[in-house]
Structure formats: structure tokens, C-alpha cells
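Here are my notes for a colleague opening this structure. Please read them with the model on screen.

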Amino acid sequence: MSQTLKIEEARPLELVTGQRASAPQANTAANTAAINVDHVFKRFGSKKGDVQAVSDASLTIARGEFVSIVGPSGCGKSTLLNMIAGLMPVSDGRIEVLGKPVKGPVHELGVVFQQHLLLPWRTILNNVLLQIEVRNLNRAEYLPRAQQLLKRVGLGDFAERFPDELSGGMNQRAAIVRGLMHDPGVLLMDEPFGALDAMTRDQMCLDFHQLSREQGKTVLFITHSITEAVFLSNRVVVMSPRPGRIEEIVPIELAGERHVDIRDEAEFTRYTRHIRRIFEKMGVLKEERRS
Ligand SMILES: Nc1ncnc2c1ncn2[C@@H]1O[C@H](COP(=O)(O)OP(=O)(O)OP(=O)(O)O)[C@@H](O)[C@H]1O
Ligand SMILES: [Mg+2]
């Protein structure tokens, strides 16, 4: 098998990640929020001085919502995600996940990190199954699901290989499978498609859009791509340069299904242009004007 992802193999992630559930229920007051970030600050202390990474961030994500965060490099996106996952304490403020205050690692979440963090001495299959082992779940019970998910992302023939035998994009796909293994209701994804080639990235985008809609997953998704954020999301959170503040939250109300071609339509480009303008106003995007 070639080392590039077969597009038809990558498609139906949704078929193996659980039953059909209700459509996204964004902004339904009756639902307990999946994630609640309340006036959160993060400072990193060092001998060379403190770094204020996140400044007064507040954000509520409803169950079933797909929310993306876009912002310049170093603005605190990963820091915010790590605090929500309970992997890093807040300096100030409060975070709740599924109604409970975050005080340590939150096991109900699925997390896909910016770096794939696969263990080099474990095969791809065993890396994916680590998610099950650390939760003391039954490995044998989850083995078919692991194999099925790996196949769906084009890694069916690579389950017994080691990470250094695979490309960066392939390892990242394995990391995505690891994040999905225990079928979490809430997914935190930190630039999960960053290492993928453009075609595979488009395909994964489509798959994740379907996944979130059909199964009511709550997704917090970090990306550098404004187009990806608008395509995927119910809302896009725009962050300022460091110290990262939430500059604006843009609701995305696109009519009908989100098919690939929607990216060429006027209502889609209105959103991407609006978000670009926010970055321009903050001095993040500068256009060179010819005299
Ligand atoms: N563990 C740490 N100790 C000290 N400073 C840190 C630590 N983690 C992050 N920072 C600092 O906090 C700021 C925000 O970092 P973060 O990784 O959250 O940015 P980011 O928005 O995810 O950037 P990128 O888009 O490049 O991934 C940066 O200035 C970074 O140097
Ligand atoms: Mg980051």
C-alpha cells in the first residue's frame, strides 16, 4: 500500500465512533455547558520575567457545539486548551468541564495535541490502545475498534509499525485515532491537521464536520486556518496576540450542509473576510500596499 492516505479510506470516521445522536444543541440554555471558562488568566513565571500567556478569557461551549479558536502563534491557544484538559493549573479564574470544576486531568475528554506524542517504543496499535490501558478499560474489547479506526484513517496496514517508520502526517493521524479511542463526548484538538497534506486535511475536515453533527460531539478545535475554522464551526473564537485575550466570538450561520464547495460561496467568504479584518485591525495581518 502506498504511504499516502487513500481518500476513500479516510471518509467514514463517523461509522466507527458511536451511534447517531441528536444534532448540535448550541446555545440551549437548558443544557449544562460542556466547557465553561470563566475569567481565566495564565502567567508563566521565569527568572527572566513573567509571561502573561492568557488574559481574562471567558467562553462557554454548549454540548454538541463545534467551536474553533484562531489566533497568532504564541497567543496562548495551547495554554488555554491544556488548562481546560486539566494538564496545567490556571493562575486565576475557573474552568468547568461537564459541570465539574477542573482540578486535574479530565478523563472524560479526548485530547489530540499539537505534537503527536506517540511513544517510539510502542507500535502504532499499542500507542492507540494506550488510551484504553490508562483508563483500565478492557483492551481486548477495544481492539476491533482500534483496528477499524486505524483503517478508516488509512493506517490499517501500519498498525504493527513503529512511529519512526511512518511520516509526520501518518503519526498525526494515529494520534487522532488515539484521541477518539474511548469515544469521548468532548474533544479538545490542538491543530490536529497541521502536519497533514492539503488533500488529506480537507478530507479530515469533512469527516470531523460529519462526526460532530451526527454524533453530537462537543469539539474545541485550534487551528491557524481561518477557512478551516469557518467550515467546521458553530462559532469561531478570535484571539489577540499575547497576552491572549478573546477578541471576538463569531457565530457561523451557514445555510444547509457544509460541502466542500461552500468555501467558494459568498456567505462563506463574508465570514473569512470578517475574521481576517479582525486580525488586520489588531495588526496581526498586514497587507503590503504598493505605491
Ligand atoms: N510551560 C511554559 N513555560 C513558560 N512559558 C510558556 C509555557 N508554555 C507556553 N509558554 C508561553 O506562553 C505563550 C503562549 O504559548 P502557547 O503555546 O499557548 O501559544 P499558541 O497560541 O499555542 O502558539 P502556536 O500557535 O505557535 O502553537 C508563549 O509566549 C509561550 O512562550
Ligand atoms: Mg499551540
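1. Start at ligand 1 and K77. An N or O atom in the side chain of K77 sits 2.7 Å from an oxygen atom of the ligand. Keep in mind throughout that this is a predicted model.

2. In S78, a polar side-chain atom is 2.8 Å from an oxygen atom of ligand 1. In G76, a polar backbone atom is 3.0 Å from an oxygen atom of ligand 1. How much of ligand 1 does the protein bury? Taken alone, the ligand exposes 640 Å², and the protein buries 64% of that.

3. Next, the shell. Ligand 1 has 15 residues around it. The closest are S73, G74, K77, T79 and Q114. By class, the shell holds seven polar, five nonpolar and three charged residues.

4. Which element gives the most to this shell? It is α2, with three residues. Helix α2 spans 77–84, and strand β2 spans 51–62. Each of these two supplies at least two residues of the shell.

5. Now turn to strand β3, residues 66–70. Is β3 mostly covered or mostly open? Mostly covered: five of its five residues are buried. Each of them has under 20% relative accessible area.

6. Check both faces of β3. In a regular strand, side chains alternate between the two faces of the sheet. On one side of β3 are F66, S68 and V70. On the other are V67 and I69. Both faces are covered, and these residues are all buried.

7. What does β3 pair with? One partner is strand β8, residues 218–222. The two run parallel and are joined by four bridges. Within this pairing, I69 stands opposite I222 of β8.

8. Strand β9, residues 235–239, is also a partner of β3. Again the strands run parallel, with four bridges between them. Here V70 stands opposite V238 of β9.

9. Side chains of opposite charge can pair when their charged atoms come close.

10. Compare the setting of E108 and K100. Their side chains form a salt bridge at 3.1 Å, N to O. E108 counts as partly exposed because its relative accessibility is 36%. K100 is partly exposed too, with a relative accessible area of 48%.

11. E247 and R245 make another such pair. Their side chains meet in a salt bridge at 2.6 Å, N to O. With a relative accessibility of 36%, E247 counts as partly exposed. R245 has a relative accessible area of 38% and is partly exposed as well.

12. Last, the wider tally. How many salt bridges are there? The count comes to eleven. Also look at R122, E133 and R139, which are linked in a network of salt bridges.

Methods
Residues numbered from 1 in each chain as written. Chains lettered and ligands numbered in written order. Predicted model: local features only at pLDDT ≥ 70, side-chain atom pairs only at ≥ 80, totals over all residues. Heavy atoms only, no water. Buried < 20%, exposed > 50% of the residue type's maximum accessible area, 1.4 Å probe, protein only. Pairing = 2+ DSSP bridges. Near = heavy atom within 4 Å. Polar contact = N/O pair within 3.5 Å; in protein donor to acceptor, adjacent residues only side chain to side chain. Areas by Shrake-Rupley, 256 points an atom, 1.4 Å probe, with all protein chains shown as cover. Nonpolar A, V, L, I, M, F, W, Y, C, P; charged D, E, K, R; others polar. Salt bridge = Lys/Arg side-chain N within 4 Å of Asp/Glu carboxyl O.
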